[in-house]
Amino acid sequence: INWLMSRDISPHGIGLISYQLIQHEYVRVGLMNDGVSVLGKVRHNSSIGHKHPLFLVGVQFLNENSS
């Protein structure tokens, strides 16, 4: 389990800020207090840290029935 901070969210995806490079093709994103989670495909990991490792991770939400 990795704790990430959300940067932005839309009906189609979410931008996350992470201290680690996300090395998975798919991730499950959960909301802390709602007990809700969604499956998403990692679309990019962009380095945004200057002095310390920091990554902007773009995740596209997927329909649970799609492959």
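**Exercise 1.** Is Ser10 buried, partly exposed or exposed?

*Solution.* Keep in mind that we're working with a predicted model here.
- Step 1: find the residue. Ser10 sits in the loop that links β1 (5-9) to β2.
- Step 2: recall the cut-offs. Under 20% relative accessible area is buried, over 50% is exposed, and partly exposed is in between.
- Step 3: check the value. Ser10 has 33% relative accessibility, so it counts as partly exposed.
- Step 4: look across the sequence. Ser10 and Phe61 are 51 residues apart along the chain, yet their C-alpha atoms are 9.3 Å apart in space.

**Exercise 2.** Work out which elements the protein has and in what order they come.

*Solution.* 
- Step 1: count the elements. You'll get five strands and zero helices.
- Step 2: read along the sequence. The pattern comes out as β-β-β-β-β.

**Exercise 3.** Describe the surroundings of Ser18.

*Solution.* 
- Step 1: Ser18 belongs to strand β2, which covers residues 13-18.
- Step 2: decide on burial. Ser18 has a relative accessible area of 3%, so it's buried.
- Step 3: list the neighbours. Leaving out residues up to four places away in sequence, Ser18 touches Leu4, Leu54, Phe55 and Val57.
- Step 4: look for a polar partner. A polar atom of the Ser18 side chain lies 2.6 Å from the backbone oxygen of Gln20.

**Exercise 4.** Does the radius of gyration agree or disagree with that of a compact globule?

*Solution.* 
- Step 1: For 67 residues, a compact globule would have a radius of gyration near 11 Å.
- Step 2: compare. The protein has 12 Å, which agrees.
- Step 3: Along the principal axes, the C-alpha atoms fill roughly 40 × 25 × 20 Å.
- Step 4: Of the 67 residues, 22% are buried.

Note on methods. Residues numbered from 1 in each chain as written. Predicted model: local features only at pLDDT ≥ 70, side-chain atom pairs only at ≥ 80, totals over all residues. Heavy atoms only, no water. Helix = DSSP H or I, 4+ residues; strand = E, 2+ residues; numbered from the N terminus. Rg over C-alpha atoms; globule rule 2.2 N^0.38 Å. Buried < 20%, exposed > 50% of the residue type's maximum accessible area, 1.4 Å probe, protein only. Polar contact = N/O pair within 3.5 Å; in protein donor to acceptor, adjacent residues only side chain to side chain. Contact = heavy atoms within 4.5 Å.
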